[in-house]
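Trainee: I would like to learn how to read helix packing and a nonpolar core. Can we work through an example?

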Amino acid sequence: MFNIEKVSAHCDVPCGVYDPGEAQYAALSVIRFMDLINEMPDSDNFNKDDLAKFTRLVQQKEVHSIIAKNAVAVIWGDYFKAPQIEEHPGVQDLVHSIMMDGSKCKQGLHREDGLSLLSKINEFAEMFWATKETETEKKISPYAPNLEVVVPVLKSA
């Protein structure tokens, strides 16, 4: 009847179900992929297995850079409205900076770019949870690269 081939979206209904955790874990993955790539020996004589591993790691680094950027963009675009922006006037510049860092992570292999991406996404997470009047804490991820993430303090039922 409508001839629609593909539809994909986070709902645009104000459900309030948003969480920057997806962006944080994608950024952690980007850093881990960079670490794994940079641990590979420099060689003009990559065998096919090494080449396949390198290719997979680069491809996943790029995919997770996009996931991080998209997760932040959805929260910023769908959740942050005038009251939240007034409460956190720096969010616009922060999101732009996150987008730029995500692009740097796609383009290169510099761990510092990944660390900057994670740091800014953590700052975004603090802003987001503050708009929900939810206390946060910093925890070290239990898996490599074992870096700090900002998480909400969960309350017991």
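Trainee: How are H4 and H5 oriented to each other, roughly parallel or roughly antiparallel?

Mentor: Start with the general idea. Two packed helices are described by the angle between their axes and the distance between the axes. This is a predicted model. Here H4 and H5 pack at about 150°, with axes 9 Å apart. Angles over 145 degrees count as roughly antiparallel, so H4 and H5 are roughly antiparallel. Their crossing is left-handed.

Trainee: Which residues of H4 and H5 make the contact?

Mentor: From H4 they include Val91, Leu94, Val95, Ile98 and Cys105. From H5 they include Leu117, Ile121, Phe124 and Met127.

Trainee: At what angle do H2 and H5 pack, and how far apart are their axes?

Mentor: The angle is about 25°, and the axes are 12 Å apart. That makes H2 roughly parallel to H5, since the cut-off is under 35 degrees. The H2 and H5 crossing is left-handed. H2 contributes Ala68, Val72, Ile75, Trp76 and Tyr79 to the contact, and H5 contributes Leu117, Ile121, Phe124, Phe128 and Thr131.

Trainee: Now the core. Which of its residues touch the most other members?

Mentor: The general idea: in soluble globular proteins, nonpolar side chains tend to be buried together. In this model the largest nonpolar core has 32 residues, and Val72, Phe80, Ile98, Ile121 and Phe124 touch the most other members. H1, H2, H4, H5 and strand E2 each give two or more residues to this core. H5 gives the largest share, eight residues.

Trainee: What does Phe124 touch?

Mentor: Leave out residues up to four places away in sequence. Phe124 then touches Pro20, Val72, Ile75, Trp76, Phe80, Val91, Leu94, Val95 and Ile98.

Trainee: What should the 19 residues of H1 span?

Mentor: At 1.5 Å a residue, H1 should span 27 Å. Its end C-alpha atoms are 27 Å apart, which agrees. The buried residues of H1 pack against H2, H4, H5 and E2. Among them are Leu28, Ile31, Phe33 and Met34, but also Gln24 and Asp35.

Trainee: Last one. Is Glu87 buried or partly exposed?

Mentor: Glu87 has a relative accessible area of 43%, so it is partly exposed. Glu87 lies in helix H3. Beyond its neighbours within four places in sequence, Glu87 is in contact with Ala130 and Thr131.

Definitions and conventions: Residues are numbered from 1 along each chain as its sequence is written. This is a predicted model: local features need pLDDT of at least 70, side-chain atom pairs count only at pLDDT 80 or more; totals for chains, interfaces and linings use all residues. Side-chain values use heavy atoms; hydrogens and water are left out. A nonpolar core is a set of buried Ala, Val, Leu, Ile, Met, Phe, Trp, Tyr and Cys residues joined through side-chain atoms within 4.5 Å. Buried means under 20% relative accessible area, exposed over 50%, partly exposed in between (1.4 Å probe, protein chains only). Helices (H or I, at least four residues) and strands (E, at least two) are DSSP runs, numbered from the N terminus. Contact means heavy atoms within 4.5 Å. The expected span of a helix is 1.5 Å times one less than its number of residues. Axes are lines fitted to C-alpha atoms, for helices over the stretch in contact, and angles run from 0 to 180 degrees between N-to-C directions. Angles under 35 degrees count as roughly parallel, over 145 as roughly antiparallel, 65 to 115 as roughly perpendicular and the rest as oblique. A crossing is left-handed if the near helix is turned anticlockwise from the far one by less than a right angle, and right-handed if clockwise.
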